[in-house]
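I am opening my notebook on a new structure, and I want to write down what I look up in the order in which I look it up.

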Amino acid sequence: VKQQGGNHYTFYTPTCDHELSERIDLEVALRYALEREEFQLYYQPQVSLKTGNIVGAEALLRWKHPQQGMISPMKFIPIAEETGLIEPIGEWVLYQACKDSKAWRSQGLGCLRVAVNLSGRQFRTANLRQKLVQVLLTTGCEPDYLELELTESLLIRDAELSIQQLQALKALGLKIAIDDFGTGYSSLNYLQKFPFDVLKIDQCFVRNLHNNKINAAITQSLISMAHLLNLKVIAEGVETQEELDLLNEFNCNEIQGYLFSRPLNLEEFQALVKSGR
Ligand code: C2E
Ligand code: CA
Ligand code: CA
Ligand code: CA
């Protein structure tokens with residue numbers, strides 16, 4: 001309890017205090033995480049339903065905090081967004097992912113594309129296009145092996161501007177995926193206006209597909225609609241054979257999820273790809 005003079009008191013509950021100091025600690029640690037090399041990219045395989053082969057991977061950022069161990073991106077990405085740290089961190093992610101994807105091809109692991117998540121702030125950075133050109137040139141990664149994942153809610157905020165930015169990025173030759181599709185509020189009309197290549201169906205629709213008629217109907221119609229618009233469909237969070245069977249029946253193109261593999265570190269991912277060929 002702090003006395004502010006007179007009879008006015010401000011109360012801080014212990015939990016708030018604790019949360020605030022924890023948040024500040026994380027923020028400080030996050031500032032040093034890049035130079036201390038505490039970040040790592042994990043790769044989750046994306047598998048073609050037609051061939052059963054791994055055709056790409058989503059890069060997922062991991063932070064190994066020196067005291068606290070692994071911290072979820074759900075926890076630190078929002079802090080990185082608010083503080084602007086997402087810009088250097090996001091650039092590191094892009095560079096690392098392109099470098100790894102290029103190495104897969106040079107090592108004869110196959111033509112695997114890599115998908116990278118972009119945050120809202122990163123997407124709106126004026127020089128994102130320039131940064132991407134730089135990363136592609138220095139890593140030698142061919143642009144058509146790079147896919148950028150953007151969420152629906154991020155793009156809807158300023159649709160006209162988003163469309164322009166997407167077109168500028170696509171002109172580089174890379175691919176654009178709409179992530180977590182179905183969880184935002186965009187209409188089909190919107191979807192048609194954006195230059196996407198891939199639609200990722202959110203795991204909340206995929207979950208228990210076989211026991212949930214509504215989710216099954218939504219998933220099936222999302223897939224047909226995406227195909228009408230010439231988009232490739234990836235279903236996320238596939239955990240069971242039953243889910244997979246229905247996705248096959250609905251002509252989904254690719255799957256990603258624990259059923260096939262959890263996100264793996266670089267060595268594990270490469271070993272998995274090698275073992276399958
Ligand atoms: P997301 O892009 O929707 O990524 C999918 C999340 O689902 C990942 O969580 C992944 O590990 C998890 N997942 C995959 N398969 C399954 C499954 O079968 N079942 C279940 N229950 N979960 C599954 P993760 O790695 O914790 O990442 C969480 C979120 O953090 C991501 O959601 C993404 O929004 C964000 N994120 C991760 N890496 C980056 C990054 O490099 N940059 C940015 N801006 N955001 C990132
Ligand atoms: Ca994603
Ligand atoms: Ca997702
Ligand atoms: Ca998500």
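I began with strand S8 (residues 175–181) and noted that five of its seven residues are buried, where buried means under 20% relative accessible area, exposed over 50% and partly exposed in between, with a 1.4 Å probe and protein chains only. Strands here are DSSP runs of E with at least two residues, numbered from the N terminus. I keep in mind that this is a predicted model, in which local features need pLDDT of at least 70, side-chain atom pairs count only at pLDDT 80 or more, and totals for chains, interfaces and linings use all residues. Residues are numbered from 1 along each chain as its sequence is written, chains are lettered from A and ligands numbered from 1 in the order in which they are written, and side-chain values use heavy atoms, with hydrogens and water left out.

Next I looked up the neighbours of S8, counting two strands as paired if DSSP finds at least two bridges between them. Strand S7 (residues 146–151) pairs with S8 in the parallel sense over five bridges, and Thr151 stands opposite Asp179. Strand S9 (residues 198–201) also pairs with S8 in the parallel sense, over three bridges, and there Phe181 stands opposite Ile201.

Then I asked which residues give the protein donors of the calcium ion (ligand 3). Asp179 is buried at 6% relative accessible area, whereas Asp180 is partly exposed at 25%. Asp179 also bridges this ion and the calcium ion (ligand 2), and the two ions lie 3.7 Å apart.

Technical notes. Donors are N, O and S atoms within 2.8 Å of the metal (3.2 Å for Na, K and Ca); water is not among the atoms, so sites may look incomplete. Helices (H or I, at least four residues) and strands (E, at least two) are DSSP runs, numbered from the N terminus.
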